[in-house]
Amino acid sequence: MRAAVLGGGGVAGIAWASGLLAGMAREGVHVAQADVFVGTSAGSVVGAQLACGAAPEALLAEHLTPRHASLETARPYSQADAEARNRALMDKVAGDLAAARRRIGAFALRSGTVPPAERRAIVAARLPQTHWPDSALRVVAVDAASGEHRVFDRHSGVELVDAVAASCAVPGAWPVVAIQGRQYMDGGIRSLTNADIALGASRVLVIAPLGWGDGNPVSGHLRAEVARLREAGARVNVIVPDPASAEALGDNVLDPARRAPSARAGLAQGLRAAAGVAADWAT
């Protein structure tokens, strides 16, 4: 079983991953043929798009030459600042991850952002359809009160748009999402990638727009996740932004102005990266 893990990274990360996937497809590596998709935050959008049958070339085109006016809106954000705040938070809670996540959840719950309906419309506009695909799609979000994560799929009794909106609910930037009596925030609060949700797959490709996350003690667990997958017998490939892609993504990955440059950088990187994963991704 092949699993595609798509990590967080804002609208810039969505664009970069779209370009990367298109570049790889041009070289014969078709990530859209995965047996299961694991999506976190931005990756929940890309995972849903692929699982619903969207072609990478079409996704790329939407970032370079969009057919319709975009509903995307910029939010003040700094990835470097977020990582610094998480380091300070972990010091305050003496390394207790559960406590750190609950504190972030409390912040998310009291933050004023945009009306939930407005945000839901933005997320819905990103998706090819509003119902769950037949393909296996797992979307990760975090309960803002308990700090526990939840994996949504087509059997969860939750609308696809709500699951993706919850996974993308960056604390302080976007509103929490009410689902079945609970309030959910960004799945990246558990992990920027949540690659361990792919346990059971024999081959795993991780696409991580925010990199390895080594400077983020709350969410940067990709190295440990990869180790766990490999210990379970999986062959794992990880793609993180190269220097040109990192520059294109910038520090504010929630800025729609970064979409086109990120998509172009992702395309160039995907063309080069395909050869490195082709053998493990072949059927």
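A disulfide is a pair of cysteine sulfur atoms within 2.5 Å. The views below are taken from a predicted model.

**View A. Cys-52 and Cys-168 in a structure with zero disulfides.** Cys-52 takes part in no disulfide, and the nearest cysteine sulfur, that of Cys-168, is 14 Å away. Seen from Cys-168, the closest cysteine sulfur is in Cys-52, and the distance of 14 Å is too far for a bond. Cys-52 counts as buried, at 17% relative accessibility. Cys-168 is also buried, with a relative accessible area of 3%.

**View B. Helix H3 and its buried residues.** Helix H3 covers residues 56-64, and Pro-56, Leu-59, Leu-60 and His-63 are buried. Down the axis of H3, the buried residues fall within an arc of 100 degrees, so they line one face of the helix. An α-helix has 3.6 residues a turn, so residues three or four places apart point the same way. The buried residues of H3 pack against helix H1 (10-26), H2 and helix H10 (259-281).

**View C. Ser-41, a residue with positive phi.** Ser-41 lies in the loop between strand E2 (36-40) and helix H2 (42-51). Its phi is near 55 degrees, although the residue is not a glycine. Most residues other than glycine have a negative phi. Ser-41 is buried, with a relative accessible area of 8%.

**View D. Gln-180, a residue with positive phi.** Gln-180 sits in the loop between strand E5 (177-179) and strand E6 (182-186). The phi of Gln-180 is about 50 degrees, a positive value, and the residue is not a glycine.

Technical notes: Residues numbered from 1 in each chain as written. Predicted model: local features only at pLDDT ≥ 70, side-chain atom pairs only at ≥ 80, totals over all residues. Heavy atoms only, no water. Helix = DSSP H or I, 4+ residues; strand = E, 2+ residues; numbered from the N terminus. Buried < 20%, exposed > 50% of the residue type's maximum accessible area, 1.4 Å probe, protein only. Arc of directions from axis to C-beta. Contact = heavy atoms within 4.5 Å.
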